[in-house]
Amino acid sequence: MSDRDGKIWMDGQLVDWRDAKIHVLSHTLHYGCGAFEGVRAYNTVNGTAIFRLREHTERLLNSAKILRMKVPFSIEQLEDAQKAVVRENKLESCYLRPLVWIGDQKLGVSPKGNTIHVMVAAWAWGAYLGEEGLKRGIRVKTSSYTRHHVNITMTQAKAVSNYTNSILANMEATDDGYDEALLLDSSGFVSEGAGENIFVIKNGVIYTPDLSAGALNGITRNTIFHIAKDLGLEIVQKRITRDEVYIADEAFFTGTAAEVTPIRELDRIEIGIGSRGPITTKIQAAFFDIVNGRNAKYAEWLSKV
Ligand code: PMP
């Protein structure tokens with residue numbers, strides 16, 4: 001990924017893609033304390049726009065706050081940086097990756113005495129779990145790895161270190177021939193996917209785990225709450241067991257990368273009709289209308305670059 005043309009925003013400057021480098025003694029590389037975001041820009045009917053830029057940038061700053069990192073840039077500067085990266089790389093639609101990390105002045109567990117750095121990169125990235133997955137649904141495996149307990153590395157931070165857990169779960173599931181992993185919390189209740197929130201539908205009601213299950217407070221998750229309300233569908237946050245997913249009528253994952261991806265199987269047990277269900281289809285269509293600028297009600301969620 002590093003050997004290509006383009007610009008990356010690093011600590012206030014747009015630098016050549018190939019020169020966007022850090023030192024091997026960077027603190028975050030050794031101890032894993034960093035915060036990041038995943039953001040998408042869409043080629044909307046009104047031109048390229050970043051979806052829910054304010055909320056993503058706020059979450060980045062909140063993740064840094066939780067991890068006791070003082071970000072040396074304002075929310076406005078970070079929003080401008082993200083817009084600049086999309087513009088400078090002439091991207092019509094893309095995925096954006098802002099990252100906050102700790103510098104290379106000193107090692108040792110205490111990061112005190114190190115500078116805090118920020119970068120933003122962007123590149124074209126299609127359907128995270130495949131175009132086919134968006135249409136037909138994906139096959140998911142309950143992970144043998146437990147999702148972080150809420151008092152370990154802090155689950156409301158999109159922390160770099162939380163993703164070792166996600167990587168292990170995703171590798172285990174994909175090595176076993178599945179598309180993605182579903183992680184349970186330390187009490188055995190459904191938490192989230194390796195990089196997605198989960199929703200299940202039963203008898204017309206939508207359920208999603210409440211955040212005490214250690215799931216990230218997803219921005220797409222929040223978008224689904226708005227869509228459900230618009231469609232007149234009830235949505236309930238509660239503890240969910242894995243067998244409730246087996247016997248659900250429909251299930252789907254959400255995330256900036258994954259968008260709205262139906263789940264057609266969990267642990268080789270077919271969910272509902274074993275394909276994208278009717279309510280998921282409606283929610284997914286409403287989601288793509290919003291992100292592509294076809295729903296005026298949510299125009300303020302799209303920041304033109
Ligand atoms: N959970 C995890 C672990 C994630 O990595 C993501 C992706 N950021 C999500 C949930 C979904 O969050 P969002 O909708 O804000 O992208």
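A residue is called buried here if 20 or more other C-beta atoms lie within 10 Å of its own, exposed if 12 or fewer do, and partly exposed in between, with the C-beta atoms placed from the backbone. The model on screen is predicted, so that local features need pLDDT of at least 70, side-chain atom pairs count only at pLDDT 80 or more, and totals for chains, interfaces and linings use all residues. Residues are numbered from 1 along each chain as its sequence is written.

**The whole chain**

Begin with the C-alpha trace of the protein, which spans about 55 × 45 × 30 Å along its principal axes. Colour by secondary structure to see eight helices and 17 strands; helices (H or I, at least four residues) and strands (E, at least two) are DSSP runs, numbered from the N terminus. The radius of gyration is 19 Å, close to the 19 Å that the globule rule gives for 305 residues, so the protein is as compact as a globular protein of that length; the radius is taken over C-alpha atoms, and the rule is 2.2 Å times the number of residues to the power 0.38. Of the 305 residues, 46% count as buried. Among contacts with a separation of 6 or more, 69% are made by residues 24 or more positions apart, where two residues are in contact if their C-beta atoms, placed from the backbone, lie within 7 Å.

**The two domains**

Next, select 7-123 as domain 1 and 131-291 as domain 2, bounds that come from an automatic or database domain assignment. Their centres, taken over C-alpha atoms, are separated by 26 Å, and the contact takes 20 residues from domain 1 and 11 residues from domain 2. On the side of domain 1 that touches domain 2, strand S3 (34-36), strand S4 (39-44) and helix H2 (53-66) each supply at least two residues, and H2 has the largest share, with five. By class, that side of domain 1 has nine nonpolar, six polar and five charged residues; Ala, Val, Leu, Ile, Met, Phe, Trp, Tyr, Cys and Pro count as nonpolar, Asp, Glu, Lys and Arg as charged, and the others, Gly among them, as polar.

Move to strand S1 (residues 7-10) and strand S2 (residues 13-16), which run antiparallel and are joined by four bridges; two strands pair if DSSP finds at least two bridges between them. Lysine 7 stands opposite aspartate 16 in S2, and in the turn of this hairpin, which has two residues between the strands, aspartate 11 has a positive phi of about 50°.

Follow the chain to alanine 20, in the loop between S2 and helix H1 (27-31). Alanine 20 counts as partly exposed because it has 17 C-beta neighbours inside 10 Å. Neighbours within four places in sequence aside, alanine 20 is in contact with Ile8, Met10, Val15 and Met119.

Arginine 52, in the loop between strand S5 (47-51) and H2, has a positive phi of about 50° although it is not a glycine, and is buried, with 23 other C-beta atoms within 10 Å. Arginine 68, in the loop between H2 and helix H3 (75-88), has a positive phi of about 60° and is likewise not a glycine, but counts as exposed, with 9 C-beta neighbours inside 10 Å.

Asparagine 203 takes a positive phi near 50° in their hairpin, which has two residues between the strands. Tyrosine 207 in S12 is the bridge partner of valine 200 and also stands opposite valine 236 in S13. S12 and strand S13 (residues 235-237) run parallel, joined by three bridges.

Glycine 277 lies in the loop between strand S16 (269-270) and helix H8 (278-291), and counts as buried, with 22 C-beta neighbours inside 10 Å. Its contacts, leaving aside neighbours within four places in sequence, are Ile201, Asp249, Glu250, Pro262 and Gly272.

Finish at the ligand, which 16 residues surround, the closest being Gly218, Ile219, Thr220, Gly255 and Thr256; a residue is near a molecule or strand if its C-beta atom, placed from the backbone, lies within 6 Å of it. Helix H6 (219-230) and strand S14 (250-255) are the elements that give two or more residues to this shell, and H6 gives the most, with three. The shell divides into three nonpolar, nine polar and four charged residues.
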